Amino acid sequence: MGIIEMTAKSIVVLGTQWGDEGKGKIVDLLSRDMDAVVRFQGGHNAGHTLVVDGRKTVLHLVPSGILNAGSECLIGNGVVLSLDELKKETETLEALGVDVRSRLRISPACPVIMPYHELLDQAREQARGERAIGTTGRGIGPAYEDKVSRRGIRVSDLCNHDRLRQKLDEALDYHNFVLEHYLGAQPLSADRVLDDVLQLGACFADLVADVSGRLHDLRTAGKRILFEGAQGSMLDIDHGTYPFVTSSNTTVGAVCTGTGIGPDAIDYVLGITKAYTTRVGSGPFPTELFDEIGAGIAERGAEFGATTGRPRRCGWLDSVALRRAANLNGLDGFCVTKLDVLDGIDTIRVATAYHLDGERLTAPPLNADDWKDLEVEYQSFPGWSESTRGATRLEDLPANARAYLEAMADLCGAPVHVVSTGPDRCENIILYDPLRGD
């Protein structure tokens, strides 16, 4: 599958498709040996599902290392923060006996998702009708817009009543006009929003910390850090299938901007990909299946969004898009998830090139609008009838499954270092451990 000679102290785990690749499980797995786990972008539109000893936990904001008692959990400045969601998530974890508050720290520079952001998000999607992007409606995009336009409210503003009131009045003066006169929605009361936000902010005042400084101290002390990405590379605001993308950078560069560390602090990048492809919401999907094979993959893979519950669209693996993701992120290796979902399929296909206007493309088109007109060139591989579920050694896999993984590595531009063979923490084949260099 390919081996690299290195020992990593700082690892990035990110998605290489359109999200939902199974990043949470892998972060949870690796965090057993990490001193800190850091979220660096996105918001509670992310849903990371962890299964430990048969118990399922879905996280949206708290880093996926929280189930490992030895890991600090940090939320970097690149994350847009829903205080209400964070409170619910913290309370749920604490009810399960998880110590959250002593281990979770939040950057004061995190933009706060305000109630008007959610209203704007939902009203815009409704107004777009058939042209809706398919957002989660949770205010992520409008919160990032306010950040860039410099009218955003940050976590650091929540401890100062007068400053918060001034910023809130300015923001609502703008947003209430848009809500009422452009989108036909009801305006919000500044007094009510202020009271709610102050109460929520007080819940987390003692968790606010200099995340960038803490990461520097950890690196200096030789500690191990895992950076946890949300969504997937093809949803990147700059490099994805725009405009059907998320509102943050989901690729490796966001690690630096979203936490305040330099690129020299990244030792190893692990890209997570399913053995096939899925997508939630609208947007181009060249390898999408509309037949019984696609329906079977969806059923066996339980393909429903962890955040929204929406059914995921399913299709064959797209090596063209994955090669682009490998290049964008400088991947050191792939982790292939849900291999077991392909068990029992007679013939498995992989996209190896696109065709557009008579031209053969081995890379995605630069104009995102051209994605909808692509025709796909496939390579076929023999499937396997044996079960791969729960395998923990490469030799336990059927020969055709091993051949498929080899082909994935060759076609997608990076070696396969981990194979996930089921949802539980223990159901994995570790071909290369970046922490130990073997």
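The buried residues of α4 (140-149) pack against two helices, α3 (115-128) and α5 (161-182). Those buried positions in α4 are I140, G141, P142, A143, Y144 and D146. Just after the helix comes R150, with a positive phi of about 65°. R150 sits in the loop between α4 and α5. Its relative accessibility is 77%, over the 50% cut-off, so R150 counts as exposed. The model described here is predicted.

D20 is not a glycine, yet its phi is positive, near 65°. D20 belongs to the loop between β1 and α1. How does D20 count in terms of accessibility, and why? D20 counts as partly exposed because its relative accessibility is 24%, and the partly exposed class lies between the 20% limit for buried and the 50% limit for exposed. Most residues other than glycine have a negative phi, and most peptide bonds are trans. The second part of that rule also has an exception here. The peptide bond from Y242 to P243 is cis, and its omega is near 10°. P243 is found in the loop that runs between β7 and α8 (253-259).

Now the sheet. Nine strands form an open sheet with mixed pairing. Read across, the order is β6-β5-β2-β7-β1-β8-β12-β16-β17. Which strands lie at the edges? They are β6 (104-106) and β17 (428-430), and each pairs on one side only. From one strand to the next, the twist averages 20°.

Helix α1, residues 23-30, packs on this sheet. What does α1 touch? Its contacts take in β1 (10-15), β2 (36-39), β7 (225-232), β8 (268-274), β12 (333-337), β16 and β17. The direction of α1 makes about 175° with that of β7. The loop with D20 lies between β1 and this helix.

Strand β16 covers residues 416-420 and runs antiparallel to β17. Three bridges join the two strands.

Step back to the whole chain. Its secondary structure comes to eleven helices and 17 strands. The C-alpha trace spans about 65 × 50 × 35 Å along its principal axes. Does the radius of gyration agree or disagree with a compact globule? It agrees, because a compact globule of 438 residues would have a value near 22 Å, and the protein chain has 22 Å.

Of the 438 residues in the protein chain, 57% are buried. Among contacts with a separation of 6 or more, 76% are between residues 24 or more positions apart. The accessible surface comes to about 18,000 Å². Carbon and sulfur atoms hold 48% of that surface.

Last, confidence. The mean pLDDT of the protein chain is 91. A pLDDT of 70 or more is reached by 97% of its residues. Residues 1-6 are another matter: pLDDT stays under 50 over that stretch. The model still has 22 contacts for residues 1-6 beyond four places in sequence. Where pLDDT is low, the predicted coordinates should not be read in detail.

Note on methods. Residues are numbered from 1 along each chain as its sequence is written. This is a predicted model: local features need pLDDT of at least 70, side-chain atom pairs count only at pLDDT 80 or more; totals for chains, interfaces and linings use all residues. Side-chain values use heavy atoms; hydrogens and water are left out. Two strands pair if DSSP finds at least two bridges between them. Helices (H or I, at least four residues) and strands (E, at least two) are DSSP runs, numbered from the N terminus. Axes are lines fitted to C-alpha atoms, for helices over the stretch in contact, and angles run from 0 to 180 degrees between N-to-C directions. Contact means heavy atoms within 4.5 Å. The radius of gyration is taken over C-alpha atoms; the globule rule is 2.2 Å times the number of residues to the power 0.38. Buried means under 20% relative accessible area, exposed over 50%, partly exposed in between (1.4 Å probe, protein chains only). Accessible areas come from the Shrake-Rupley method with a 1.4 Å probe; for residues, only the protein chains shown count as cover. pLDDT is the predictor's confidence in each residue, from 0 to 100.
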